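Here are some friendly notes to read with the model open beside you. Take the points one at a time and find each residue as you go.

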Amino acid sequence: MKNNYSTKDIDFSNEIINWYISSGREDLPWRKNISGYRVWISEIMLQQTQVKTAIPFYKKFIKKYPNLKSIAPATEDDILALWTGLGFYRRAKNIFKAKEIIKKEYSNRFPTKFDELILLPGIGQSTAGAIMSIAYGKSYPILDANVKRVISRYKNINLEKKDAMKNLWSLSKSLTPINNIFEYTQGIMDLGATTCNARSPNCKECPINQSCESAFEKFEIGNKNKKEKSKKKIYFTLAHSKKSFLLFKKNEKTFWESLWVPYDNQNLKKSNIFKEPSKSEIKNFNHTLSHMDLDITIEIFDYKRPFKIKTNLEHRWVSKSQIDNFGLPKPIKTIIENYG
Ligand code: SF4
C-alpha cells in the first residue's frame, strides 16, 4: 500500500516501533508461530474481547484447530462449542462461514491479499489490515478500538464529530510506516491496550508523549452517552433425565442465535410437548448481555427416562458428558453442569 508520510509521522512510527521492541507483549500466544490463519482467529476473538479474556479461548481453539486443515471438517456447532462464554457468537458463525469459503474458493489456502480477505464474513478493513501487516509484513493501516484511542488522543480528534471515523482512517493511513510494519502494528495495539488505556493513560511512560496533543490531559470517561439497556424476561423449560438434557437449537436471528438452549416457553403457557414431570424445580437469575439485561427463569422438569416429543423445532437429548461439544450460552451451561 502506497503512503506519503511526513518526518513527524516517521517519528511517531519509529517511537512506537522502538517501544514495541523494548516493551511490547511478545509473550501473547498469537504472537508465536504466526500464520494468516492464527492471526485471523486471534483478531476475530479480540474484536470485542479484552486480551486477558481471549487468551484461554484462543489457546483452546488453536489446540483443537491449529490450522485450516484441521478446521476444514468442523461444523458450525463445533466452532460455537469452543466459543461458549466468550460472547458475541456471530463471530464464531462468521469463522465457520469464512472457512467454508476458503475451502471452496481458495482450495483451503488462507488468502494472502487484502482484497480477498475483506470479502470474507467477519473481516472488515481493520481486521484485514491487521492480518496483512502481522502475518504477511505488508503495510496496511488498522483502526481497532485501541488504535482509535491512541490516534484520536495523539491528534486530539473529537470522536463525537460526524466525520471523526473518516479522519481517523486517513490519519491511521498517514501514520502507518512502510517498514517494520509487524512491530508498528503490534506496538500501536499494545500501546492502546496498556499505556494509553481508556481510564488512566500513563502519559509519563508513553513513547509519544512529546508530540501527543492530549498528553497529560485528564480524560473523563463518563456514561453521558451510555444508552439505557433494554430488559427482557425469558422463561425456559429444561427437561432432564438420567444425566441428559433436552435442548433446542435457537434459530431466531437475535442474541444466542444457533446456540442450544432449553425449551423457550415465552408465553408461559403449559406446553403440551412436556409430560407431567416426577419432580420440578425453578431457578431464576439475571444475565447481562452487551445490549440487554436478561431476567431468566428456568423450570427444570425431572423424568425417569428421556422421551420423544412432537415438534418441528430442532432438538435433541444431550448427555451431560457431551455438553462441551455443543454451543450453549454460558449461564445455561453452568446450570446443566451443576445440576443432578
Ligand atoms: S501521551 Fe498520553 S494521551 Fe498521548 S498517546 Fe501517550 S498515553 Fe495516550
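The numbered points below go from the whole chain to its parts.

1. **Before you start.** This is a predicted model, in which local features need pLDDT of at least 70, side-chain atom pairs count only at pLDDT 80 or more, and totals for chains, interfaces and linings use all residues. Residues are numbered from 1 along each chain as its sequence is written.

2. **The whole chain.** The C-alpha trace spans about 75 × 50 × 35 Å along its principal axes. There are 12 helices and seven strands in the chain; these are DSSP runs, with helices being H or I of at least four residues and strands E of at least two, numbered from the N terminus. Of the 340 residues, 32% count as buried. Buried means that 20 or more other C-beta atoms lie within 10 Å of a residue's own; exposed means 12 or fewer, and partly exposed is in between, with C-beta atoms placed from the backbone.

3. **Two domains.** The chain is divided into domain 1 (7-205) and domain 2 (230-337), with bounds that come from an automatic or database domain assignment. Their C-alpha centres lie 35 Å apart. Nine residues from domain 1 and 11 residues from domain 2 take part in the contact, where two residues are in contact if their C-beta atoms, placed from the backbone, lie within 7 Å. On the domain 1 side, helix α5 (residues 76-83) brings the largest share, five residues. By class, that side has four nonpolar, two polar and three charged residues. Here Ala, Val, Leu, Ile, Met, Phe, Trp, Tyr, Cys and Pro count as nonpolar, Asp, Glu, Lys and Arg as charged, and the others, Gly among them, as polar.

4. **The core.** The largest nonpolar core has 73 residues, and Ile16, Ile41 and Ile131 have the most contacts inside it. Such a core is a set of buried Ala, Val, Leu, Ile, Met, Phe, Trp, Tyr and Cys residues joined through C-beta atoms within 7 Å. Helix α2 (residues 36-46) supplies the largest share of this core, seven residues. Both domain 1 (7-205) and domain 2 (230-337) give residues to the core, so it lies between them. Not counting residues up to four places away in sequence, Ile131 touches Gly36, Val39, Trp40, Glu43 and Leu117.

5. **Helix α2.** Why can α2 be called largely enclosed by the rest of the structure? The reason is that 10 of its 11 residues are buried. Among them are Trp40 and Ile41, and also Arg38 and Glu43. The buried residues of α2 pack against α3 (51-64), α4 (68-71), α6 (90-105) and α8 (125-136).

6. **Helix α11.** The 15 residues of α11 (residues 181-195) should span 21 Å at 1.5 Å a residue, and the end C-alpha atoms are 20 Å apart, which agrees. The expected span is 1.5 Å times one less than the number of residues. In α11, 12 of the 15 residues are buried, so this helix is largely enclosed by the rest of the structure.

7. **Tyr263.** Look for Tyr263 in strand β4 (residues 263-264). Tyr263 is buried because 23 other C-beta atoms lie within 10 Å. The C-alpha atoms of Tyr263 and Leu238 are separated by 6.2 Å, though these residues are 25 residues apart along the chain.

8. **Around the ligand.** The ligand is surrounded by 13 residues, and the closest are Cys196, Cys203, Cys206, Cys212 and Ala215. By class, the shell has nine nonpolar, three polar and one charged residues.

Notes. Near = placed C-beta within 6 Å.
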